[in-house]
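Morning, everyone. Please take a look at the structure on the screen, and then I'll walk you through it.

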Amino acid sequence: MENTAKKVSHLQDSKTASPVDPIERDWLLQRLVGMVNASSQEGDAGLSLSLTILSGGAVLTGRLISYREYFKRLGENFASSLKGGKPDHLDKVAKLFNDLGGLVETKARAHAEETSREFPMHYIHLADARVVHPNGMIPTEAPDRSLSLWRARIASVDAFIFGEINSSN
């Protein structure tokens with residue numbers, strides 16, 4: 001138990017007495033993701049932001065969206081890709097994914113009440129995501145746009161810039 005306390009104590013920032021992130025997530029990117037997430041309400045997509053990301057040597061470009069919007073679109077895409085289901089079953093599948101956005105919100109609210117701190121953002125969600133390649137864009141869109149959603153750990157983002165890269169750039 002003493003060892004654990006020592007390990008945690010050296011992760012404290014002396015100025016703020018808040019835990020230092022040992023994974024080194026980009027605090028600015030976490031704030032941007034938090035801002036976009038906070039702008040989304042049930043039934044409203046909220047803000048989105050053009051962003052280009054370098055992650056593990058890959059360059060991705062798209063629009064930063066909230067987790068709520070991500071799960072809503074993911075559910076719609078997943079339900080529409082199922083074959084032979086009754087419409088009410090497909091609606092239930094879409095709702096299941098949509099409810100995941102609410103679950104994240106509930107978890108964030110509980111964390112804030114318990115710790116008096118903002119829930120740290122760990123994932124980034126892009127819509128209309130495209131992989132940039134020296135020879136042009138690698139297609140990530142299916143006719144139903146089901147491949148255009150992208151989710152990754154913020155800790156896996158090496159760099160980012162505001163704006164999207166177009167195929168004409």
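**A walk through the chain**

Buried residues make up 30% of the chain's 169 residues. Keep in mind that this is a predicted model.

Start with the layout. There are four helices and six strands. Read from the N terminus, the order is α-α-β-β-α-α-β-β-β-β. Now the contacts. Take those between residues at least 6 apart in sequence: 69% of them join residues at least 24 apart.

Next, the inside. Which residues touch the most other members of the largest nonpolar core? They are Leu-29, Val-33, Leu-51, Ile-53, Leu-64, Ile-124 and Trp-150, out of 17 residues in that core. Several elements each supply at least two residues: helix 2 (27-39), strand 1 (49-55), strand 2 (58-64), strand 3 and strand 5 (150-153). Helix 2 gives the most, with four residues.

Pick out Ile-124. Set aside its neighbours within four places in sequence. Ile-124 is then in contact with Leu-29, Val-33, Leu-51, Ile-53, Leu-64 and Trp-150, among others. The list also includes Arg-151, Ala-152, Ile-154 and Val-157.

There is a second, separate core of six residues. Among them are Ile-65, Tyr-67, Phe-71 and Ala-127. Tyr-67 sits in helix 3 (residues 67-81). Is Tyr-67 buried or exposed? Its relative accessibility is 11%, so it counts as buried, the cut-off being under 20%. Now look across to His-125. Tyr-67 and His-125 are 58 residues apart along the chain, yet their C-alpha atoms are separated by 6.5 Å.

On to charges. How many salt bridges are there? The count is four.

Pair one is Arg-63 with Glu-164. Their closest N and O atoms are 3.6 Å apart. This pair links distant parts of the chain. Arg-63 is partly exposed, at 25% relative accessible area. Glu-164 is partly exposed too, at 24%.

Pair two is Glu-69 with Arg-73. Here the closest N and O atoms are 2.8 Å apart. Both residues lie in helix 3, four residues apart, which is about one turn of the helix. Glu-69 counts as buried, at 8% relative accessibility. Arg-73 is partly exposed, at 27%.

Arg-130 lies in strand 3 and Glu-164 in the segment after strand 6, so the pair ties together parts that are 34 residues apart in sequence.

Stay with Arg-130 a moment. Strand 3 covers residues 123-133. Arg-130 has a relative accessible area of 17%, so it is buried under the 20% cut-off. What else does its side chain reach? The backbone oxygen of Ile-165, at 3.2 Å.

Now put the pieces together. Arg-63, Arg-130 and Glu-164 are linked in a network of salt bridges. Over to you.

Methods. Residues numbered from 1 in each chain as written. Predicted model: local features only at pLDDT ≥ 70, side-chain atom pairs only at ≥ 80, totals over all residues. Heavy atoms only, no water. Buried < 20%, exposed > 50% of the residue type's maximum accessible area, 1.4 Å probe, protein only. Polar contact = N/O pair within 3.5 Å; in protein donor to acceptor, adjacent residues only side chain to side chain. Contact = heavy atoms within 4.5 Å. Core = buried A, V, L, I, M, F, W, Y, C linked by side-chain atoms within 4.5 Å. Salt bridge = Lys/Arg side-chain N within 4 Å of Asp/Glu carboxyl O.
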